[in-house]
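Visitor: Hi! Could you walk me through how some of the helices pack here?
Guide: Happy to, let's bring up the model.
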Amino acid sequence: MTHAHEDLEQAARALSGTDAGAQTEGVRALIRIARQDAADRRQALAALEEFVAGHRGRAGYRSEAVQDARTALCAFDPDRAVRGVVALEVTAAAMLATAAVTGHLLGGTGLTRVLVTVTVWMVLWASVAAFRRFWRPYLGVWAILSEPARWCRALGVLILAVFLTGIVRNAPTSPSIALLFAAAAGAAGWLLWLRKPHTPLS
């Protein structure tokens, strides 16, 4: 039996215990094995999947170990990873557009519009943060993208938010301009998500 197999079995045993610290270390060990040993990757991911499934619907589902395991499973599954990244980026763009449109509709002067926009953004952000446990695995996947990729995608999200804002603001008064913004938003989305984002774990 190789050293990697021994480490895998030891980590899997730690997950079956009740000690939270040992479970966290076990999850991290399985992630290291999945990263470094392609031969044992499937077994390591299967152990993580079983661990997460065993805690679903229970109080321990919010634990550090379970959240780390979910993040790793998302990162190693290309389809799951891209769905997570897309969900985050679409949500961020929609929140930015909502805040900007609300500021435009309710604000009078330029300063008032800025204040309303920032206030709405903070309220939306607080609402999303309240459910952080649902988003954390996908945040982790987005965070392990390369730094240039993160900057490029963040810029793309801002551009998409501007186009979405243009759609909503012009739809009631100028449908033709709104259609142009919709076409631009479609192009931005196509550039952002045509290809699955590459992650170091995939």
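Guide: One term before we start: contact means heavy atoms within 4.5 Å. Also, this is a predicted model.
Visitor: Great. At what angle do the axes of α5 and α7 cross?
Guide: Helix α5 (residues 78-106) and helix α7 (residues 132-143) cross at roughly 100 degrees, and their axes come within 9 Å. An angle of 65 to 115 degrees counts as roughly perpendicular, so α5 and α7 are roughly perpendicular to each other.
Visitor: Which residues of α5 and α7 meet?
Guide: From α5 you have R80, A81, G84, V85, A87, L88, E89 and T91, and they meet W135, Y138, L139, V141 and W142 of α7. The residues of this contact of α5 with α7 are nine nonpolar, two polar and two charged.
Visitor: And how does α4 pack against α7?
Guide: Helix α4 (residues 64-76) packs with α7 at about 45 degrees, their axes 8 Å apart. That makes α4 oblique to α7. The crossing of α4 past α7 is right-handed.
Visitor: What makes that contact?
Guide: On the α4 side, E64, Q67, D68, R70, T71, C74 and A75; on the α7 side, R133, F134, R136, P137, Y138, G140 and V141. The residues of the contact of α4 with α7 divide into six nonpolar, three polar and five charged.
Visitor: Switching topic: how much space lies in the largest pocket?
Guide: About 430 Å³. The largest pocket has 18 lining residues, with L88, E89, A92, W125 and L139 nearest its centre.
Visitor: Which element gives the most to that lining?
Guide: That's α5, with six residues. The lining of the largest pocket has 14 nonpolar residues, one polar and three charged.

How values were computed
Residues are numbered from 1 along each chain as its sequence is written. This is a predicted model: local features need pLDDT of at least 70, side-chain atom pairs count only at pLDDT 80 or more; totals for chains, interfaces and linings use all residues. Side-chain values use heavy atoms; hydrogens and water are left out. Axes are lines fitted to C-alpha atoms, for helices over the stretch in contact, and angles run from 0 to 180 degrees between N-to-C directions. Helices (H or I, at least four residues) and strands (E, at least two) are DSSP runs, numbered from the N terminus. Angles under 35 degrees count as roughly parallel, over 145 as roughly antiparallel, 65 to 115 as roughly perpendicular and the rest as oblique. Ala, Val, Leu, Ile, Met, Phe, Trp, Tyr, Cys and Pro count as nonpolar, Asp, Glu, Lys and Arg as charged, and the others, Gly among them, as polar. A crossing is left-handed if the near helix is turned anticlockwise from the far one by less than a right angle, and right-handed if clockwise. On a 1 Å grid over the protein atoms alone, a cavity is a set of points where a 1.4 Å probe fits but cannot get out, and a pocket is an open set with protein on both sides within 12 Å along at least five of seven lines; lining residues have an atom within 4 Å of a point. Grid points are joined across faces, edges and corners, and a volume is the space filled by probe spheres set on the points.
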